Amino acid sequence: MNIVLFGAPGSGKGTQAEQLCQELNLIHVASGDLFRENLNNETELGKLAQTYMDKGELVPDDVTVAMVKERLSRPDARTGVIFDGFPRTLPQAKALDQVMDEMERRIDGVLYIKVSDEEVVRRLSGRLICRECQTPFHKEFNPFKRCPFNKCEGEYLYQRDDDRPETVRARLKTFHNQTEPLIDYYRQAGLLAEIEGEGEVAEVATRTLAVARGLVQA
Ligand code: AP5
Ligand code: MG
């Protein structure tokens, strides 16, 4: 099974992906996490991506598609993946269709987690991330000082550079202008499922899992 988690910045894609991967035994493929890994490792790709991420803009399609394609080709991704933050443009969606075709796989569903812009700002102003596994937490809604996962001991949580208020505003604008057109693309393909993304994390998880399990049975 292959699922796309779609939604604005801060809508809860990373939070929900974590839970879905555990329940459905899928691999989490998050383009933003892959860029940040490259950034931490000081690769050329990371340095290039940072120039866009800092401004709340999208990294060019060719670079992004090549990175995701490479991740998909690794053996652990064979059983099925949850795409988080990819695709984000029409050319990326078409490239993904082509890559999946070539691999004789398909997208089973696109889960659109819907939240308002006000909620995004509220969530991102308090978000903290684990430097090692990139799991998102929140100062108020999901409070930890250290990542609770054993493998990540020793590192304190940190605030992402692009969670500054002015960059959040730019990311929201980018989402509305460049990424929202994908809603129609996937609706027309009969793949879109809309999920109310506001409410407790556990409530949203229950809704998301129910839709994902429906795809397994379809
Ligand atoms: P990326 O890392 O993908 O960021 P994003 O899409 O902006 O999404 P976020 O990771 O900020 O939010 P999320 O939806 O995962 O929410 P989370 O679960 O953390 O991309 C970063 C940058 O990389 C982009 O701006 C771009 O430059 C580049 N990039 C990435 N992919 C690209 C692509 N395909 N093409 C081109 N460029 C690309 O939750 C947010 C917070 O809310 C957390 O604190 C969490 O604890 C909390 N929370 C979650 N759910 C709830 C809830 N129900 N109630 C209360 N709090 C909650
Ligand atoms: Mg995320």
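The conversation below takes up the chain, its ligand and its cavity in turn.

Guide: Please keep in mind that this is a predicted model.

Visitor: What makes the protein chain as compact as a globular protein of its length?

Guide: The chain contains nine helices and seven strands. Its radius of gyration is 16 Å, close to the 17 Å that the globule rule gives for 218 residues, so the chain is as compact as a globular protein of that length. Along its principal axes, the C-alpha trace spans about 40 × 40 × 35 Å.

Visitor: Which residues surrounding ligand 1 are the closest?

Guide: They are T15, E57, R88, R127 and R171, and 35 residues surround ligand 1 in total. To belong to this group, a residue needs a heavy atom within 4 Å of the ligand.

Visitor: How much of the accessible area of ligand 1 does the protein cover?

Guide: On its own the ligand has 1000 Å² of accessible area, and the protein covers 97% of it.

Visitor: Which element supplies the largest share of the shell around ligand 1?

Guide: Helix 2 does, with four residues. The elements that each supply at least two residues include helix 1 (13-24), helix 6 (117-125) and strand 6 (136-138). By class, the shell holds 13 nonpolar, twelve polar and ten charged residues.

Visitor: How do you know where empty space is left?

Guide: Rolling a probe the size of a water molecule over the atoms shows it. A search of the whole structure finds one cavity of 30 Å³ or more. The largest cavity has a volume of about 40 Å³.

Visitor: What makes up the lining of the largest cavity?

Guide: V65, V68, K69, L72, F86, L96 and V99 line it. Helix 4 (61-72) and helix 5 (90-102) are the elements that give two or more residues to this lining, and helix 4 provides the largest share, four residues. Six of the lining residues are nonpolar, none is polar and one is charged. Lysine counts as charged, so K69 is that charged residue.

Note on methods
Residues are numbered from 1 along each chain as its sequence is written. Chains are lettered from A and ligands numbered from 1 in the order in which they are written. This is a predicted model: local features need pLDDT of at least 70, side-chain atom pairs count only at pLDDT 80 or more; totals for chains, interfaces and linings use all residues. Side-chain values use heavy atoms; hydrogens and water are left out. Accessible areas come from the Shrake-Rupley method with a 1.4 Å probe; for residues, only the protein chains shown count as cover. On a 1 Å grid over the protein atoms alone, a cavity is a set of points where a 1.4 Å probe fits but cannot get out, and a pocket is an open set with protein on both sides within 12 Å along at least five of seven lines; lining residues have an atom within 4 Å of a point. Grid points are joined across faces, edges and corners, and a volume is the space filled by probe spheres set on the points. The radius of gyration is taken over C-alpha atoms; the globule rule is 2.2 Å times the number of residues to the power 0.38.
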